[in-house]
Amino acid sequence: MVLFLCSTSLFSHLFLMTMKAAILIQGWYRRYVARLEMRRRYTWNIFQSIEYAGEQDQLQLSSFFSFMLDNFTQLNGNGPDLISQLLDPVVVPWLERETCYDLIPVPESYTGPRLSFPLSVSHTNALLSAFKEQQSLHARYVLQLLYETKKLLKQMPNIVHLSTSYTKEITICGDLHGQLDDLLLIFYKNGLPSADTPYVFNGDFVDRGKKSIEVVILLFAYLLLYPDYMHLNRGNHEDHIMNLRYGFTKEVMQKYKTHGREILQLVQDVFSLLPVATVIDSKVLIVHGGISDQTDLDFLSTIDRHKVKSALRLPRHSLDHSKNSASSSSSSSSSSSSLCSLQTPSCLSPRPCPTSPSVPYSNDVPQVPFLDSLSSISPPSPPQHEREWKQIVDILWSDPKSQEGCSPNTFRGGGCYFGPDVTQRLLLQHGLQLLIRSHECKQEGYELCHGGQVITIFSASNYYEEGSNRGAYIKLGRELVPRFYQYQVSHTTRKLTLTQRVRAAEGSALRALQEKLFAHRSELMTGFQQYDQDNTGCVSVSEWAQVLESVLRLDLPWRTLRPHLARLAADGSVEYQSCFQDMGPGIPLPQVTPNLAETLFRYRTDLEIIFNIIDKDHSGLISTEEFRHTWRLFSAHLGVDIDNRAIDDLARSIDFNKDGSIDFTEFLEAFRVVHKLDNKDQHHG
């Protein structure tokens with residue numbers, strides 16, 4: 001009996017100890033998962049904030065180009081001619097001939113696909129096989145394919161209406177962004193386009209990824225092969241001005257050095273002819289970005305979409321009116337340019353300029369309008385072309401939000417934020433029940449909002465970093481109940497644990513954020529020193545976070561990120577100069593002052609875009625005179641006064657062989673942020 005009681009007591013004790021251990025393990029695991037999720041979320045926020053900040057920069061640069069082209073006859077003797085090459089490309093005469101591609105010989109040594117029209121399944125199969133083997137399509141066939149696509153798209157309406165009564169299901173895909181592997185994986189999992197497997201691809205086929213031209217060739221080929229079962233909506237990256245910043249223009253010129261300009265000109269026409277919306281069974285609306293409280297599908301279906309070559313190009317009347325309104329309005333725009341909900345044009349607003357004392361602001365420089373400043377004054381009736389332009393801008397650029405109403409999307413820099421009330425009103429007005437859109441990367445590849453009435457679908461996996469997100473597509477049958485299919489390209493990702501994937505993505509995001517800090521060093525130091533009157537080199541955590549947000553405007557959890565960005569002193573304050581200690585310039589140029597170097601770090605991408613406009617033959621070399629012209633445009637864009645003598649001295653010093661030409665690629669490489677810890681790792685490795 002005593003033995004039994006002892007055994008029972010021992011068992012109870014062991015049971016209690018086991019339960020306590022289980023509870024402790026469970027608590028530890030929950031905290032571990034919570035910390036991992038927190039890291040995943042702020043990593044995601046960093047990637048997205050930096051992406052949208054880049055789009056704001058592009059909109060501001062585009063606004064500058066439009067303004068200069070429409071309002072100034074000359075800028076230091078050469079400005080508008082250079083700008084017009086970007087906004088209104090000169091038409092190549094022979095390209096106007098419908099059979100111009102016949103003039104391009106295909107050598108016998110060419111082993112890639114040879115196309116003839118109308119296309120057959122054997123042609124699309126040949127394209128698939130060639131692209132899997134890293135082969136390219138000859139320029140002659142690319143141009144011919146684009147011509148045939150252009151002819152077909154001219155016959156199509158702005159809003160394409162589909163029915164599930166003729167097919168089992170329709171597959172809807174989101175952004176691909178030049179990621180050919182994602183497209184091939186979709187075709188492998190879901191089937192090639194056909195009468196049995198119809199598709200809607202919802203825009204953003206190009207940019208960012210390295211295989212944009214291959215992606216559009218395949219999509220256009222299947223569109224020509226199955227025009228009733230392959231459908232393409234336009235996205236905000238089907239835009240030649242966006243393509244300058246995000247890679248498609250550069251990719252085409254590198255892959256097609258002889259006929260790249262002709263291909264790009266024809267692609268520009270094709271992009272402007274893509275339909276802007278698709279409706280399934282009169283119940284499901286599919287657009288790339290979203291809607292606004294001004295979206296009118298009936299009006300949208302009547303406009304000439306081909307006129308809007310770029311949604312970033314304001315109609316001329318908008319800027320004319322802006323100029324006339326400038327003297328009668330003193331309102332200023334918000335800090336980021338926006339294309340959102342433009343009721344009508346308004347006043348010119350100066351572009352915010354760097355606050356660093358080393359980069360003085362010049363009132364003599366022409367000021368650039370902000371695209372969101374166009375909503376502050378409402379003339380009685382905006383012209384037809386402005387209403388048409390605004391409808392397309394909202395469709396391509398807008399994002400949903402949880403709050404009611406419609407407001408400027410100042411965070412992204414274009415389009416609107418539209419609330420659930422805006423969604424419900426448009427759906428009721430047109431007898432719809434669901435809005436499917438893309439435009440935003442989602443960690444799981446899709447997301448529902450507005451009570452399930454809005455679905456975001458995104459099909460480019462690993463968009464920010466290896467393992468950062470899944471891709472997805474939707475299948476809709478006759479019952480119109482969406483079914484989601486997820487995937488992730490990459491064999492290496494599957495071998496990594498969740499912790500390893502989060503760590504890799506986090507490291508990449510923090511590197512990008514540190515580069516942002518380095519590029520805004522003067523402004524940040526000025527902000528820190530306002531709080532550090534005694535020059536201690538330290539500020540409180542709260543002050544440190546406040547300065548970062550006021551300068552960078554990235555809406556990030558700075559306190560959470562602080563351990564990754566700056567050191568604490570013994571008293572708990574932040575040693576603010578430690579933000580910049582692990583970074584330095586790529587190739588230090590002694591001729592460049594620190595202040596000028598920082599300006600170049602910050603606006604390196606803008607400078608490269610302006611240079612690419614000037615470098616007509618894409619040789620990577622420009623003359624010293626062209627270098628000076630680049631700087632005239634650049635300084636006008638920034639609203640800063642840079643001494644011409646300093647630029648001349650710099651041009652002479654980097655003309656290493658004194659032949660009057662500058663290798664601009666090497667010059668830009670000097671203004672790339674290098675992480676010192678990386679160099680140490682490489683040295684030790």
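**Entry 1: strand 13**

I began with strand 13 (residues 471-477), which is mostly covered: 7 of its 7 residues are buried. Buried means under 20% relative accessible area, exposed over 50%, and partly exposed in between, with a 1.4 Å probe and protein chains only. Strands here are DSSP runs of E with at least two residues, and helices are runs of H or I with at least four, numbered from the N terminus.

I noted the basis of the model before going on. This is a predicted model, where local features need pLDDT of at least 70, side-chain atom pairs count only at pLDDT 80 or more, and totals for chains, interfaces and linings use all residues. Residues are numbered from 1 along each chain as its sequence is written, and side-chain values use heavy atoms, with hydrogens and water left out.

Back to the strand. In a regular strand the side chains alternate between the two faces of the sheet. I looked up which way each residue of strand 13 points. Gly-471, Tyr-473, Lys-475 and Gly-477 point one way, and Ala-472, Ile-474 and Leu-476 point the other way. Residues of both sets are buried.

Next I checked the partners. Two strands pair if DSSP finds at least two bridges between them. Strand 2 (residues 169-173) runs antiparallel to strand 13, joined by 5 bridges. Ile-172 has Ile-474 as its bridge partner in strand 13. Strand 14 (residues 483-487) is also antiparallel to strand 13, again with 5 bridges. There Lys-475 has Arg-483 as its bridge partner. Strands 13 and 14 form a hairpin with 5 residues between them. In that turn, Leu-480 has a positive phi of about 60°.

**Entry 2**

I moved to strand 10, which is covered on both faces. Leu-434 and Ile-436 are buried on one side, Leu-435 and Arg-437 on the other. Strand 6 pairs with strand 10 in the parallel sense over 3 bridges. Strand 12 is joined to strand 10 by 3 bridges and also runs parallel. What stands opposite Ile-286 in strand 10? I found Ile-436 there. Ile-436 also has a bridge partner in strand 12, Ile-455.

Then I looked at helix 13 (residues 420-430). Its buried residues include Pro-420, Val-422, Thr-423, Leu-426 and Leu-427. Why do they count as being on the same side of helix 13? They cover an arc of only 160° around the axis, taken from the directions from the helix axis to the C-beta atoms. Leu-428 and Gln-429 are exposed on the other side.

I asked what the buried residues of helix 13 pack against. They pack against strand 6 (284-286), strand 8 (406-408), strand 9 (416-418), strand 10 (434-437) and strand 12 (454-457). Contact means heavy atoms within 4.5 Å. Gly-431 follows the helix, with a positive phi near 70°.

**Entry 3: rings**

I searched the whole structure for aromatic pairs and found 13. The rings of Phe-187 and Phe-201 have their centres 6.4 Å apart and their planes at 85°, so they are edge-to-face. Rings of Phe, Tyr and Trp (its six-membered ring) pair if their centres lie within 6.5 Å; planes under 30 degrees apart count as stacked, over 60 as edge-to-face and the rest as tilted. Phe-187 is in helix 5 (residues 180-190) and Phe-201 in strand 3 (residues 199-201), so the pair ties together parts 14 residues apart in sequence. Both are buried.

Phe-528 and Tyr-576 make a stacked pair, 5.0 Å centre to centre with 25° between the planes. Phe-528 lies in helix 16 (residues 521-531), and Tyr-576 in the loop between strand 17 (574-575) and strand 18 (583-585). They are 48 residues apart. Phe-528 and Tyr-576 are buried.

I also noted one aromatic cluster, formed by Phe-47, Phe-458, Tyr-463 and Tyr-464.

**Entry 4: the whole protein**

The protein has 24 helices and 21 strands. Of its 685 residues, 56% are buried. Among contacts between residues at least 6 apart in sequence, 75% join residues at least 24 apart.
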